[in-house]
Amino acid sequence: MPASQPPNAPPTGPSPAIAARTILTGLHEVMASRHNAQAKLNHVVEIIGESLDSEVCSIYLLREGMLELFATRGLNEEAVHVTRLAIGEGLVGTIAKNVEMLNLAEAAAHPDFLYRPETGEERFHSFAGVPIVRKERAVGALTVQHVDPRRYEEVEIEALQTVAMVLSELIANADLIDEQDAFLTNPQLSGQQQLKGLPLVKGLARGFAVFHQPRISIEQVVAEDTEAERQRVYLAFDKMREQIETMTNQAEFGVDGEHAEVLKTYKMFAYDEGWARRINEAIDSGLTAEAAIERVQQRTRMRMRQIDDPLLADRMHDLEDLANRLLRIVSGQIGTAAALGLRQDTILIARNLGPAELLEYDRRRLKGVVMEEGSLTSHVVIVARAMGVPVLGRVHGVRGMMREGDEILLDADQAVANVRPTPVLTEAFEARSLRNRERQAGYAALRDVEPFSRDGERITVMMNAGLRDDIPMLGMTGADGIGLFRTEFQFLVSAALPQRDRQTRLYRDVLDTAGQKPVIFRTVDVGGDKSLPYLRGDENSGDEENPAMGWRALRLALAREGLMKAQARALLEAAGGRTLNVMFPMVSEPWEFDAAKAVFEQQIAFLKDRRKTLPEQIRYGAMLEVPALAEMLDVLAPKLSFLSIGTNDLTQFLFAADRSNPRLAERYDWLSPAILRFMRRVVQSLAPYRVDLTVCGEMGGRRLEALALIGLGIRRLSITPASVGPLKELVRKVDTREISAAMEQWLAEPVTDLRGALIAWAEERGIDWD
Ligand code: PEP
Ligand code: MG
């Protein structure tokens, strides 16, 4: 490099690939040699210094929390293992602290410059240094210095960065650093942190962080065959693009709202020529495909950190996601944490999850979930609720605030998660857990107590279920029956469409376990946020603009006659000799109910012909989820045995607010006069008919909301199992006449804060509502 070149001159030297490659070839030999680690480092500084025409090249490594000079060419030998700098101290400390390179023509002019006489560095003017990074944290720094005041060129910095990456492997393999140190020096990843979010499923859980999408460990950094590595990246890009196209076509990810924005960004990055080119350049410099992806990612991280813009930071998360996906593809480590097997007491950390993804996890080990997104009625949250797993959602940037294995105290009751808790916090948490368990024991004691209100009204408290594992909860909670059995859950956990005999077996087992208690089977409700990967094309809500209002539930089932017929047969056979309660989801017009019932009648005729045992009684019902149906109850009600209000869907349609969109998660209140007035009208419309009216959405499982529903005259609720006890307790404290009178008044002249009014009402009467 000619010393006369002016500062900031355009790069004229070799390409970054060639500069780095020359060094890497040398390093390859050093790494393969039988020398001890110190000798290898001494050798490395010689090679780099020479290749970059630098009088000085030094390696600082983190030891006992300090950056220690481990090897140098050009500085005084006596300074080795003597010069030590704290993180943030001097130029080297600044590089490590910010995980960012420095490139200075005049080192002494930098505000953080610190002179250490033992090094003898006063002769050198120019300075460049890059962090040595491991698992995104600086574990050291690699620096070069030159007598002449000149900035190092981009080419040289890139070469240094590539070398730093190889060094990080060498260092880790030789156990030269204590990796814990690196984390302890990162404020985001060390010490106690409290993360706030939105409680999606209440409860407390103590466990250890497991990333749903685990980070990939890079096993080989230096490539043996560059052409082969190029090919691997090329194929991985292809596959990644294909995956993103598929995700775009899957209802689970939606086509609007936040997911759509994420997907748009994914697409933008996936097709970004610049990104692919930089990865290829890194491969040309001698790295493996994995190392090249990581190397480019490190560089992007550094650049992004310099830009203080929250929007860009969000996009950075997207790029991280994508780079991680590319790494998974290229390394063949494709699975999520579920596929790898969970550790005991897992707190799962994810951006978002689909219901099927959550169901893949081992229930006994999964204790809690912390997500960046999520909303109260998205199906993944409903599934978690059914599993009894607390969920904290809307925790911004959660994946950057902890590392795999960190201890977490998840307190969804208080809307917080404490990461790496102090002993004091842990003690307080344990005390709360104990109180919680005592409260649970109190609810359990109500198991055999019938929920009569103070004025003697019997409220029917049933539970929602969907999987075989849910059924024991019927006995444990003392629920009056299963008011909603979501049959599609069996479809969600299967790799292919469940065969009829498998369906029959499940339904029969459910009925056997329930004994005398009624079970209401809802026919498959797929589509919307419950997409089945094996139902593609127009049979799934693939290309829809708005899947929640699209080709889903009964609409899809009626079109796929085979699916509906098989399920009807399975239900009829399973309920042979007993009562079958069957309910159709998303009925929008009365004829859809008739058409669905006709499928059952056709199967009844078929079974009769074959002299099969039929159910003793068949009761048909519909879900009221689409507001239009409320206008047609005079037509529909005479045909029904029961009607169940699905408040999750109903409220999203009433407010035109996507139930899966996290941005809308807190916008509208179930306790709004609009919703309550609507429901009151449904209660009134059904009064002339002998139709059981139930509420089976998530709303009914929350005590304050349930209180309002009782006030509207609703006497049957089907809720998540964990709410059965708390609800029984509530019912026993309420006088239904009193709450009805209060509701009537509040709805006649709506108060601005109905929730507040209800809370005050409950508290005045000593009723626990939370
Ligand atoms: C509802 O919509 O309220 C309901 C109970 O059904 P799901 O949540 O399964 O859509
Ligand atoms: Mg629904």
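How much space lies in the largest cavity? About 140 Å³ of space lies there. The structure is a predicted model, and the values below are computed from it.

## Empty space inside the protein

Rolling a probe the size of a water molecule over the atoms shows where empty space is left. The count comes to 5 cavities of 30 Å³ or more.

## The largest cavity

The lining of the largest cavity is made up of 13 residues, and the closest to the centre are Leu85, Leu91, Val92, Leu114 and Glu121. Helix H3, which covers residues 90-98, supplies the largest share of this lining, with 3 residues. Sorted by class, the lining of the largest cavity has 7 nonpolar, 3 polar and 3 charged residues.

## The second largest cavity

The second largest cavity has a volume of about 70 Å³. It is lined by 15 residues, of which Arg486, Arg522, Met623, Glu625 and Asn648 are the closest to its centre. Two or more residues of this lining come from each of strand E16 (482-486) and helix H23 (647-654). H23 gives the most, with 3 residues. The lining of the second largest cavity divides into 3 nonpolar, 5 polar and 7 charged residues.

## The ligand in the second largest cavity

Where does ligand 1 sit? Ligand 1 sits in the second largest cavity. The elements that give two or more residues to the shell around ligand 1 are helix H13 (379-387), E16 and H23. H23 provides the largest share of this shell, 3 residues.

There are 16 residues around ligand 1, and Arg486, Arg522, Glu625, Asn648 and Arg659 come nearest. The shell consists of 4 nonpolar, 5 polar and 7 charged residues.

| Residue | Part of the residue | Distance from an oxygen atom of ligand 1 |
|---|---|---|
| Arginine 486 | N or O atom in the side chain | 2.8 Å |
| Asparagine 648 | polar backbone atom | 2.8 Å |
| Aspartate 649 | N or O atom in the side chain | 3.0 Å |

How much of ligand 1 does the protein bury? Taken alone, ligand 1 exposes 290 Å², and the protein buries 100% of that.

## Summary

The largest cavity holds about 140 Å³ of space, and its lining includes 7 nonpolar residues. The second largest cavity has about 70 Å³, and its lining includes 7 charged residues. Ligand 1 sits in the second largest cavity, where helix H23 gives the most residues to the lining and also the largest share of the shell around the ligand.

Key
Residues are numbered from 1 along each chain as its sequence is written. Chains are lettered from A and ligands numbered from 1 in the order in which they are written. This is a predicted model: local features need pLDDT of at least 70, side-chain atom pairs count only at pLDDT 80 or more; totals for chains, interfaces and linings use all residues. Side-chain values use heavy atoms; hydrogens and water are left out. On a 1 Å grid over the protein atoms alone, a cavity is a set of points where a 1.4 Å probe fits but cannot get out, and a pocket is an open set with protein on both sides within 12 Å along at least five of seven lines; lining residues have an atom within 4 Å of a point. Grid points are joined across faces, edges and corners, and a volume is the space filled by probe spheres set on the points. Helices (H or I, at least four residues) and strands (E, at least two) are DSSP runs, numbered from the N terminus. Ala, Val, Leu, Ile, Met, Phe, Trp, Tyr, Cys and Pro count as nonpolar, Asp, Glu, Lys and Arg as charged, and the others, Gly among them, as polar. A residue is near a molecule or strand if one of its heavy atoms lies within 4 Å of it. A polar contact is a pair of N or O atoms within 3.5 Å; within protein, one must be able to donate a hydrogen and the other to accept it, and residues adjacent in sequence count only if both atoms are side-chain atoms. Accessible areas come from the Shrake-Rupley method with a 1.4 Å probe; for residues, only the protein chains shown count as cover. A molecule sits in a cavity or pocket if more than half of its atoms lie within 2 Å of its grid points.
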